[in-house]
Every structure is written in structure tokens, then in C-alpha cells.
Amino acid sequence: MSERIGVIFGGRSTEHDISIVSAIANVVKPLKVAGKEVLPIYIDKKGVWRAGEEFGIIENYRLANFSRLLEKNKPVAVDINDGLKIVFSAKGALAKPRVVKIDMVFPVMHGTNGEDGSLMGLLQMADVPFVGCRMEASAVAMNKILAKEVAVANNIPTSKFLHYTSSRFRGEPEVVIEEILEKLELPLFVKPAHLGSSIGITRVDKREDLGNAIDVAAYYDDRVIVEEAVQNLIEVTVPIIGQGDDLMLANVEKPLTKAEDFFDFETKYMKGGKSSKRGGGKGAGGSQGYSEVPAKLPGKLYQRSEEIARRVYEAIGCQGIARVDLLIDSKGGLIYFNEVNPMPGGLYAHNFAKSGINNVDLVLKLLEFARRDFEARRVVSSTFESGYLEQF
């Protein structure tokens with residue numbers, strides 16, 4: 001019997017739409033090219049699960065087709081007893097529900113309620129192999145505050161930062177603003193603590209803009225991080241796959257943006273898009289041809305970027321796949337850890353392709369890493385015979 005791979009995407013996240021494109025273009029299609037049996041599993045913006053071949057067709061998500069797609073496909077149930085099973089509703093009064101067993105999972109969830117460890121915890125409870133970081137590493141990686149604190153604890157340089165709860169800012173905004181300006185120097189970056197895809201990030205050059213920037217971040221998250229901008233900035237990103245001693249780094253990649261037009265949502269994903277009111281930032285360039293691969297960096301900065309990215313990946317406990325973002329002061333020759341993404345959009349397949357790993361080989365390698373990690377987890381005992389209950 002062939003192995004059935006469930007590709008899970010969508011979800012209750014601001015990165016819902018990006019997840020759909022990443023899953024279908026970069027996972028479902030190459031898995032099918034490789035001859036794998038694939039079940040697309042779509043979670044809508046309300047958290048309702050649906051599944052079926054039709055959810056693996058990108059044209060079905062256009063507005064005119066989407067309502068018909070949902071009407072035709074009823075929600076499914078998720079059974080995590082003895083593995084992961086998708087239960088389809090019975091069609092007809094006398095029919096029985098159809099149960100489909102999933103042998104492996106390829107999560108392509110971006111942002112909250114998925115990539116942040118939520119889905120990984122469910123999959124670990126179901127005892128099913130899955131691609132990417134485990135629950136603990138995912139939770140740390142998606143929390144920009146925790147990730148930076150892990151970096152600091154491991155002597156990995158980061159830019160100076162402060163963090164606040166959204167409730168504290170709303171309760172005493174002037175106190176928070178004064179504290180930030182006393183401890184950090186402008187320009188600053190204000191970010192939601194848990195989101196990816198550069199959503200809700202604002203660059204602040206003037207004192208009078210700081211309050212609004214925090215308000216934007218607080219709109220998307222209950223925790224906000226404020227960071228000093230790195231001077232003479234070169235921003236780079238390093239995609240990594242593997243685990244333990246078997247790590248494979250793609251090229252160090254440099255977004256082709258100016259420091260004042262930071263690598264925001266519109267720059268990453270929208271063709272010539274302009275910044276939205278709540279998006280923060282200015283956006284420049286669009287989604288095509290926005291980066292230099294491999295990055296042309298002076299001196300030994302390329303090699304040092306690889307070394308720091310590897311250290312971050314290992315310190316946070318990533319496995320399978322992640323993307324480490326770094327900030328370089330080109331004049332000072334200093335490299336700072338910025339953040340890590342445990343399920344990068346599009347798997348950064350364009351970068352791995354330049355490293356000699358095409359999209360089909362990339363997803364197959366990720367499945368193999370998932371099998372190894374699953375076997376490693378199963379070696380560790382999760383039961384303990386104590387006799388404790390006999391005394392009651």
C-alpha cells in the first residue's frame with residue numbers, strides 16, 4: 001500500500017493566504033510529480049478542517065469558485081487515536097463515514113495556530129511523522145522575544161531590544177514610550193512578537209511615530225518587541241534543512257531593498273504593492289526578483305553569516321527546515337541575529353534550487369528527515385510503571 005501524505009495548510013492566521021500558495025505550489029505539486037499519494041487538508045479562517053483533491057487546486061481559491069468549493073466539501077473530523085485519520089461525513093442516510101489514514105504530515109502552516117507549535121503538538125500526540133521543527137522549537141522560533149533571549153543565552157549577538165505586553169502599552173502608553181526612548185536609540189523597529197511574513201512591522205525614525213507603531217503591532221499580537229535598527233544595514237537570510245550533524249545550508253540570500261524600504265509584506269509577496277495602513281513600512285520592489293542569491297558580501301561576512309545561522313538553528317533546536325534571518329552592519333563588520341522562521345514561505349525552493357536541490361528533491365529530503373526524527377522520538381520512552389495508583 002502506498003504511503004499517504006497529508007499536506008495541512010491555511011488556518012486561523014494573518015498568513016492564511018500565503019500558506020495556501022506555499023502548500024499547493026511548493027509541496028502538493030512536487031509531491032505529486034514524485035508519485036506520492038497526497039491528501040490536501042485545508043483549515044479555513046475560522047479553524048474548520050476540510051480535505052480533498054479539490055483543495056489542492058489554486059484556481060479553486062478565487063472568490064467566484066471558493067464558496068462553491070466549501071458548499072461541496074463538508075467539514076471533516078480529525079481522529080488522533082492510534083495515528084492521524086481524517087473522517088469524511090457519510091453521504092446518505094445508510095452510508096458510513098469514510099476514514100482516511102494519514103501516514104505522514106507535511107504542515108505548511110504559517111504564523112499563529114499552526115507554525116507556532118500548536119499543530120505540531122497535535123501531531124506529536126497523534127504519533128505521526130511530520131515535516132519540520134517539533135513543538136518546542138516551533139514555539140520558541142515563532143516568539144521573537146524568546147528566540148532573541150535564547151540567542152543572548154548562547155552568546156549570539158542581537159541588536160538591543162525591549163518587549164512589552166499590549167495591555168501594558170494600552171494602560172500606560174506614555175510611560176512605555178519614555179522607557180523605550182530612554183533605553184534605545186532611534187531609528188527603531190516595532191514588531192508583533194509572534195507573526196511572520198513581516199506583518200505589522202513598522203520602522204520608526206521619529207519620536208512622534210512610536211506610539212502609532214506600537215499600536216499597529218498590538219493590533220496583531222498581545223506582545224510587542226521594539227528593536228534598535230542596525231546601521232549600515234545589509235539584511236540576509238539563510239535557509240537550512242536537516243538535523244543534528246546532517247545539516248544542509250542553502251545560499252546566503254540578500255533582499256534587494258534599501259534600508260528605509262525594509263523587507264516588509266508588500267516587498268515579499270505583492271507585485272509593486274504599496275503599504276497598507278496597518279501593515280507598517282513602505283514596501284518596494286514586489287514579489288519577483290527581489291533578492292540576490294548567493295549574496296555578494298564583503299570579506300568573510302558570507303562565511304560568518306553561515307556560522308551564526310547554524311548556531312541559531314542548533315540553539316533553538318530546529319530540525320527539518322527553518323530560515324534564519326540576520327542583520328549585518330557592513331561598515332562595522334558585525335552580524336546580528338534577527339529572527340528564525342520554522343516554516344519559511346515557499347520552502348525557499350528558489351534558493352535550494354541554486355544549491356543544486358530542485359523542488360521535488362527538496363520535499364523528498366524533508367520527508368526523509370521527518371521519518372528520522374519520528375524514529376528518534378519513538379526511542380524515548382513516554383511511559384513509566386510506578387504502581388502509584390495501587391495505594392488508592
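## Exercises on salt bridges in a predicted model

The side chains of glutamate 179 and arginine 168 form a salt bridge with an N-to-O distance of 3.6 Å, in a model that is predicted.

**Exercise 1.** State which helices hold glutamate 179 and arginine 168, and decide whether glutamate 179 is buried or partly exposed.

*Solution.* Glutamate 179 lies in helix 7 (residues 173-183) and arginine 168 in helix 6 (residues 166-171), so that the pair, 11 residues apart, links distant parts of the chain. Buried would require a relative accessible area under 20%; glutamate 179 has 23% and is therefore partly exposed, and arginine 168, at 29%, is partly exposed as well.

**Exercise 2.** Determine how glutamate 368 and arginine 372 are placed within helix 12.

*Solution.* The side chains of these two residues, glutamate 368 and arginine 372, meet in a salt bridge at 3.7 Å, N to O. Because they are four residues apart in helix 12, about one helical turn separates glutamate 368 from arginine 372. Glutamate 368 is partly exposed at 33% relative accessible area, and arginine 372 is partly exposed at 41%. Shared partners among the salt bridges join Glu3, Asp246, Glu368, Arg371 and Arg372 into one network.

**Exercise 3.** Identify the parts of the chain that are linked by the pair of glutamate 3 and arginine 371.

*Solution.* Glutamate 3 forms a salt bridge with arginine 371, and their closest N and O atoms are 2.8 Å apart. Glutamate 3 belongs to the segment before strand 1 (4-10), whereas arginine 371 sits in helix 12 (residues 359-379), 368 residues apart. Glutamate 3, at 26% relative accessible area, is partly exposed, and arginine 371 is partly exposed at 27%.

How values were computed: Residues are numbered from 1 along each chain as its sequence is written. This is a predicted model: local features need pLDDT of at least 70, side-chain atom pairs count only at pLDDT 80 or more; totals for chains, interfaces and linings use all residues. Side-chain values use heavy atoms; hydrogens and water are left out. A salt bridge is a side-chain nitrogen of Lys or Arg within 4 Å of a carboxyl oxygen of Asp or Glu. Helices (H or I, at least four residues) and strands (E, at least two) are DSSP runs, numbered from the N terminus. Buried means under 20% relative accessible area, exposed over 50%, partly exposed in between (1.4 Å probe, protein chains only).
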